[in-house]
Amino acid sequence: LRQGNLNGEVRVYRHVVRQSFDGYLWQTLERKSRFIAQVMRGRLDVREIEDIGDATLSYTEVKALATGNPLLMDKARADAELTRLERAERAHHRTQDSLRYTVTRLQARIAGLDSLTRDIDAAVARRRDTRADAFTMRVDGVVFAKRAEAGRRLKRILQERAGLVGQGERRHQVRLGELGGFEVTAEIVRVLGTIEVSLGLDGAPGPDIRMTFADLSGTDPAGLVIRLENRLARLEDHRADAVAEIGRLRAELTHANDSIGQAFPQASLLASARD
């Protein structure tokens with residue numbers, strides 16, 4: 001009987017030892033996980049400890065199960081809930097900071113588009129008609145009434161200036177003439193061994209006509225002039241696009257302003273979780 005009681009006590013002792021060792025093992029894994037989380041996600045320029053990660057919480061819960069202590073299980077669940085709410089609070093603060101930056105960016109963009117619409121209005125007011133027989137274009141001091149002739153003169157000047165860039169000069173700007181009341185300008189640049197040509201109309205908002213030197217050689221002279229005329233003809237479309245973009249940005253700006261300053265919606269739950 002004494003031997004039986006002794007064997008029972010040994011089995012209980014072994015169970016307690018094994019249970020204690022399991023708890024110690026998972027506690028060690030929990031501690032290692034905290035260190036690893038700090039190395040992988042922490043910052044080295046501040047003296048603070050970040051929240052524990054999901055893996056650490058899992059080790060904490062397993063440790064609680066291994067010890068068989070229900071209070072540790074309650075503490076593990078409380079830690080997990082607190083961590084979740086603190087992360088949500090930090091995300092809310094980051095969103096608020098992002099909204100403030102968004103408001104500044106939108107305001108600057110809207111101001112730029114407002115300025116663009118005013119420039120387009122001024123360009124439309126000074127634009128001269130070049131359609132059909134009303135066409136005239138001055139290139140290098142000579143006035144042409146035919147697009148093909150003006151285009152050939154334009155191409156020849158551009159090819160000559162591109163040759164200067166190819167001989168060592170990296171960037172060359174030239175004023176070529178006048179079309180529809182606007183000065184025709186060109187910029188020739190050598191980029192990574194390729195010569196690029198940009199044609200624009202000074203005072204007429206819109207994208208420049210860009211091509212390589214090889215493309216310029218194969219471009220139809222009359223077509224080159226027509227592309228410049230299309231820049232002038234599309235001023236109203238360019239303005240309409242800017243006005244539509246302003247409307248969209250203002251709606252986005254209103255939404256951002258309404259969202260700034262909102263309190264964290266789960267603040268009461270976070271306070272309860274901390275308690």
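I take buried as under 20% relative accessible area, exposed as over 50%, and partly exposed as in between, with a 1.4 Å probe and protein chains only. Strands are DSSP runs of E with at least two residues, helices are runs of H or I with at least four, and both are numbered from the N terminus. In a regular strand the side chains alternate between the two faces of the sheet.

A note on the source: this is a predicted model, in which local features need pLDDT of at least 70 and side-chain atom pairs count only at pLDDT 80 or more, while totals for chains, interfaces and linings use all residues. Residues are numbered from 1 along each chain as its sequence is written, and side-chain values use heavy atoms, with hydrogens and water left out.

Next I looked up the partner of β6. Strand β5, residues 194–202, pairs with β6 in the antiparallel sense over four bridges; two strands pair if DSSP finds at least two bridges between them. I noted that E196 has T212 in β6 as its bridge partner. The two strands form a hairpin with six residues between them, and G203 in the turn has a positive phi of about 95°.

R231 belongs to helix α6 (residues 221–233), so the pair ties together parts that are 23 residues apart in sequence. D208 is partly exposed at 38% relative accessibility, whereas R231 is buried at 9%.

I then turned to the other salt bridges, counting a side-chain nitrogen of Lys or Arg within 4 Å of a carboxyl oxygen of Asp or Glu. The structure holds 19 of them. One joins R128 and E178, with the closest N and O atoms 2.7 Å apart. This pair links distant parts of the chain, 50 residues apart: R128 is in the loop between α3 and β1, and E178 is in strand β3. I found R128 partly exposed at 43% and E178 buried at 14%.

My last pair was E252 and R248, whose closest N and O atoms are 3.3 Å apart. Both lie in helix α7 (residues 235–259), four residues apart, about one turn of the helix. E252 is partly exposed at 31%, and R248 is partly exposed at 45%. I also noted that salt bridges with shared partners join E86, E89 and R274 into one network.
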